[in-house]
Amino acid sequence: MTADLSVPLGYRALDLDSLRSYVAEQPRLAECLGGAAADWQVEEVGDGNLNLVFKLHGPKAGFAVKQALPYVRLVGESWPLPLSRAHYEHEALTLEASLAPGRVPAVAHYDESLALIAMELLEPHIIMRHGTIAGTRYPNFVEDITDFTARCYFLTSDMALPAPRKKGLIGTFAGNTALCKITEDLIFTEPYMTADNNRWTSPYLDGMVAALQQDQAVKRAISRLKLAFMSHTQALLHGDLHAGSIMLTTEDTRVIDPEFAFVGPIGFDMGSLLANLLISYFSQAGHEESPGARDGYRDWLLECVSGCWTRFEEKFLALWRSNAASGDGYSKALFQDDSGKAALDAERVRYMHQLFADTVGFTGAELIRRTVGLAHNIDFEWIEEPALRAHCEARAIALARDLLADTALYATIDHLVAAVRRMESCNPLGNDA
Ligand code: SR1
Ligand code: MG
């Protein structure tokens with residue numbers, strides 16, 4: 001199945017005026033905003049790589065509108081991308097709202113022909129990356145995000161769903177091939193070879209990138225992860241769970257933008273989440289007010305790394321041990337007596353160990369693609385001085401190389417956190433930056 005790149009009749013990319021007219025013709029949306037169309041404040045606020053995003057405010061309320069463009073916004077019309085991603089995003093948002101209530105923006109309106117979703121306006125929430133660059137702590141983040149991850153992944157796994165429903169779920173998202181292909185190329189392939197899309201802080205990182213691209217242990221590891229990404233249908237994933245896909249306040253956390261959703265390996269999402277916290281950690285030297293001023297904040301970021309795994313694991317296991325576990329995987333019928341119950345619990349522990357090993361590898365993959373591949377993060381990009389930026393990025397690359405090639409050395413989250421702390425006092429570039 002190849003992705004359908006055709007643009008349906010009736011599709012047009014909206015601007016501020018045409019969006020205002022469009023919404024005026026949608027009675028429910030217009031009623032929700034209140035007043036007359038001329039009273040509405042409309043702005044385009046999209047800063048992501050793919051889509052248009054608008055905010056609308058009326059006298060009564062506001063909402064956000066996301067519209068897919070038929071190409072990659074970051075690159076332009078030379079890179080076409082199917083509008084069907086809005087369909088998958090709508091499917092995922094709807095399902096996630098039922099699995100993890102309150103953790104995603106509520107959908108207000110969906111228009112398939114315009115590839116447009118109107119949804120709850122999250123205010124005063126901000127994109128998490130902006131908050132961590134500013135050094136803001138979010139006390140509820142770990143509990144909120146692990147409610148989302150544990151519930152979405154467990155409740156769409158084979159331990160929760162009967163086989164026919166699980167296969168139906170795989171089918172619902174199986175057509176999202178173009179978005180998966182972006183990931184297959186940008187995360188699992190291009191950073192490890194010479195590719196036009198790659199970029200890094202040159203010349204500082206040239207040596208590290210050359211070494212990475214000749215490292216056979218790394219190439220074997222990334223290829224194994226790519227195969228898992230392509231073939232391991234464990235649960236419904238967000239598919240792009242980074243700090244730009246999370247909006248939050250100090251009280252509330254929401255997960256947005258699931259257009260990359262598909263049924264895949266849980267460790268992929270978990271690795272993306274942990275890697276983006278680590279990117280924030282390694283980038284702090286470029287944002288702190290004076291050297292060491294953000295040491296306490298670094299500690300908080302590592303507490304988040306640790307908490308995102310441990311609270312996820314606890315919640316996932318609690319669901320598995322509860323009545324939610326009525327799927328065909330690990331049927332309770334096979335494990336009825338005391339020895340059976342002990343055996344099943346040992347299996348649960350083994351499953352979580354494997355999930356963690358997957359997560360470690362995928363964490364390394366995300367760290368590399370954000371420093372060597374096409375799509376970088378503002379955490380590093382906003383560090384203006386290239387030598388300092390490279391110094392921060394080099395630590396992320398050095399850690400990632402070890403996570404990929406020596407995954408087994410990171411048996412627990414404590415091993416990972418200890419390695420991050422050790423890396424903070426290393427200078428992988430070997431200069432006096
Ligand atoms: C061409 S798209 C580049 C990246 O932007 C999205 O947010 C995904 O992370 C993708 O890999
Ligand atoms: Mg996105």
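This is a predicted model: local features need pLDDT of at least 70, side-chain atom pairs count only at pLDDT 80 or more; totals for chains, interfaces and linings use all residues.
Local features require pLDDT of at least 70 and side-chain atom pairs pLDDT 80 or more, whereas totals for chains, interfaces and linings use all residues. Residues are numbered from 1 along each chain as its sequence is written, ligands are numbered from 1 in the order in which they are written, and side-chain values use heavy atoms, without hydrogens and water.

Residues around the ligand (a heavy atom within 4 Å) include Trp79, Asp240, His242, Phe260, Arg369 and Arg370. Domain 1 (32–120) and domain 2 (126–432) both contribute to this shell, so ligand 1 lies between them; the domain bounds come from an automatic or database domain assignment. An oxygen atom of ligand 1 lies 2.7 Å from a polar side-chain atom of Asp240. For side-chain N or O atoms of arginine, the distance to a ligand oxygen atom is 2.8 Å at Arg369 and 3.5 Å at Arg370. Of the 320 Å² of accessible area that ligand 1 has on its own, the protein covers 95% (Shrake-Rupley method, 1.4 Å probe).

The second largest pocket is lined by 19 residues, with Arg224, Leu225, Gln354, Ala357 and Asp358 nearest its centre. A pocket is an open set of points on a 1 Å grid over the protein atoms alone, where a 1.4 Å probe fits, with protein on both sides within 12 Å along at least five of seven lines; lining residues have an atom within 4 Å of a point. Helix H12 gives the most to this lining, with 7 residues (helices are DSSP runs of H or I, at least four residues, numbered from the N terminus).

Terms used
Helices (H or I, at least four residues) and strands (E, at least two) are DSSP runs, numbered from the N terminus. A polar contact is a pair of N or O atoms within 3.5 Å; within protein, one must be able to donate a hydrogen and the other to accept it, and residues adjacent in sequence count only if both atoms are side-chain atoms.
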